[in-house]
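Good morning, and thank you for coming. Please look at the sequence and the structure on the screen before I describe them.

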Amino acid sequence: MASVSYHIHFNGNTEEAFEFYRLVFGTNITRILRFKDLKNPDFKFPEEEQNKIMLIQIPISGGCILSGSDVPNFLGLVSEQENRSKILISADNKAEAEKLFNGLSLGGTIEMPLEQGPWGSYLGTFRDKYGVEWMVEY
């Protein structure tokens with residue numbers, strides 16, 4: 001069966017964001033590639049972008065991978081206030097849902113507090129301090 005992974009673009013702070021996500025999920029970075037690591041002469045980046053992240057990945061839950069990258073300057077800025085697709089995390093229990101919600105929303109903006117919804121699940125939504133939108137449910 002196919003698995004789902006998530007990829008998020010950032011404006012130069014991918015490594016900082018993924019260190020934060022790594023700590024919250026209690027996982028490790030499994031892959032990191034910088035623009036300077038590209039060995040293809042057709043893909044050259046300015047000196048100031050050499051250390052930016054081309055690809056970074058961490059496992060987050062149930063075999064899912066969270067990946068991200070910095071957008072090179074020539075492609076313009078990512079709008080961190082746009083309505084990005086939300087990343088949905090389904091926790092195994094209420095305590096795990098609260099831990100993930102509280103950890104990931106730290107420094108961000110809570111859109112809907114984590115609470116029992118009329119549809120039967122314990123759900124909350126927020127935009128983290130990097131502008132990424134999340135839903136946590138149990």
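In which sense do β1 and strand β4 pair, and over how many bridges? β1 and β4, the latter covering residues 64–70, pair in the parallel sense over six bridges. Strands pair if DSSP finds at least two bridges between them. Helices (H or I, at least four residues) and strands (E, at least two) are DSSP runs, numbered from the N terminus.

A word on the source. This is a predicted model, in which local features need pLDDT of at least 70 and side-chain atom pairs count only at pLDDT 80 or more, while totals for chains, interfaces and linings use all residues. Residues are numbered from 1 along each chain as its sequence is written, and side-chain values use heavy atoms, with hydrogens and water left out.

Let me turn to the sheet as a whole. Four strands form an open sheet in the order β1-β4-β3-β2, with mixed pairing. At the edges are β1 (5–10) and β2 (31–34), each of which pairs on one side only. From one strand to the next, the twist averages 20°; angles run from 0 to 180 degrees between N-to-C directions, and axes are lines fitted to C-alpha atoms, for helices over the stretch in contact.

The antiparallel pairs are β2 with β3, over four bridges, and β3 with β4, over five bridges. R31 stands opposite Q57 in β3, and the bridge partner of I58 is L66 in β4. β3 and β4 form a hairpin with two residues between them, and G62 in the turn has a positive phi of about 50°.

How far apart are the axes of α1 and helix α2? The axes are 10 Å apart, and α1 packs with α2 (residues 94–105) at an angle of about 160°. That angle makes α1 roughly antiparallel to α2, a label for angles over 145 degrees. In their contact, F20, Y21, V24 and F25 of α1 meet K99, L100, G103 and L104 of α2.

Finally, S5 lies in strand β1. S5 counts as partly exposed because its relative accessibility is 44%, between the cut-offs for buried (under 20%) and exposed (over 50%), with a 1.4 Å probe and protein chains only.

How values were computed:
Angles under 35 degrees count as roughly parallel, over 145 as roughly antiparallel, 65 to 115 as roughly perpendicular and the rest as oblique. Contact means heavy atoms within 4.5 Å.
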